[in-house]
Amino acid sequence: MKNNLLSEKLIYTGESQTPTHLHLCTYNLNEMQESSGTNFHDVSDSLNNERINWLQVHGLKDTETIREICEHFEIDFLVLQDILNADHPTKIEEHDKYIVLILKLFHPAKKENENDLDELEQQQVCTILGANYVLTFLERETNFFDDVSIALRNDVLKIRSRQSDYLLSVLLNSVIGNYTSMVSDIDDALEDLEEELLRISDGDDIGIQIQSLRRQYMLMKKSIFPLKEQYIRLLRGDSTLMHKANRAFFNDVNDHLQFVLQTIEICRETLSSLVDLYISNNDLRMNDIMKRLTIVSTIFIPLTFLVGVWGMNFKMMPELDWRYGYCFAWALMIIIGIMVYAFFRKKKWY
């Protein structure tokens, strides 16, 4: 069942069973405070309009808690539905008082046994930037942004002295870092496969590995490529939420994004060449098999002819009454077979 505009009932469309819980960081130049809870009332008293508020929400099963958060920060109902839609496409959307980013995080799927191929799992992360707050909604329990929390506690690079959009740039940098890592792994795996195919490996599972990498590539391309056009919206100078002093950090994130996009393009070319190379190798192996079968058949054609001639039942065939005819027939067939084989070896056809 999907969320729709004809009903106020909200439904989380994903499969994660992570119980909804919240973690709030409020900070300014001098200090940082943290609080946690299982519903919005547990952390709402700690919100401070004089500070930057970063609220992390793990698990989206409790839709009423998600609704309360969005109502408090005056988030539109359509955005609320997008947060709960686990299959929503990647997008960056500007509103009057906030900016919405719907992105995907990737991690290797757990293998049931060692022979399983590598696959990717994804989870949606929705980030909302306001004047003095950043909201992150994650489907599952994850420590992905723990490094950011540690940086806030230790005031690394004076992160607490900057505006909320700088915190967004740090979060974005972590997400793009995830993309860089995953895409680089795919690129390395494709290069390894290419080397294996160039050695004309006889492995039967290479085609399956190519298909597995292709699925990973398509999953990442579907999630990352929309950012190619939409990220530009964050770099425009007309948004009151994006401060000029922090523009350099968003440009740096954009550089990382461009690297990811270029690597994806390289993966596409490599995948295409791998498929062609795999098909060519299959054709070469098939041609080699057919050549061997043809040589074997060619050796036996004259032998079959002789056997056929001597197998006729005519009465006036002097060879049939010859005492040494049987031994002569065997010797002749062996000599002819060796001569044909030697001819093929001399021509290097075998």
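A residue counts as exposed when its relative accessible area is over 50%, as buried when it is under 20%, and as partly exposed in between. The exercises below concern a predicted model.

**Exercise 1.** Find where Leu-157 lies and decide whether Leu-157 is buried or exposed.

*Solution.* Step 1: Leu-157 belongs to the loop between helix H4 (146–154) and helix H5 (164–198). Step 2: its relative accessibility is 67%. Step 3: this value is over 50%, so Leu-157 counts as exposed. Step 4: Leu-157 is not a glycine, yet its phi is positive, near 55 degrees.

**Exercise 2.** Describe the aromatic pair of Phe-144 and Phe-145, and classify the accessibility of each residue.

*Solution.* Step 1: the count of aromatic pairs comes to seven. Step 2: in the pair of Phe-144 and Phe-145, the ring centres are 5.0 Å apart and the planes stand at 80 degrees. Step 3: an angle over 60 degrees counts as edge-to-face, and this pair is edge-to-face. Step 4: Phe-144 has a relative accessible area of 23% and is partly exposed, whereas Phe-145, at 2%, is buried.

**Exercise 3.** State how strands E1 and E2 pair.

*Solution.* Step 1: E1 (residues 21–27) and E2 (residues 32–37) pair in the antiparallel sense over six bridges. Step 2: a hairpin of four residues joins E1 to E2. Step 3: Leu-24 stands opposite Ser-35 in E2.

Conventions
Residues numbered from 1 in each chain as written. Predicted model: local features only at pLDDT ≥ 70, side-chain atom pairs only at ≥ 80, totals over all residues. Heavy atoms only, no water. Pairing = 2+ DSSP bridges. Helix = DSSP H or I, 4+ residues; strand = E, 2+ residues; numbered from the N terminus. Buried < 20%, exposed > 50% of the residue type's maximum accessible area, 1.4 Å probe, protein only. Phe/Tyr/Trp six-rings, centres within 6.5 Å; stacked < 30°, edge-to-face > 60°.
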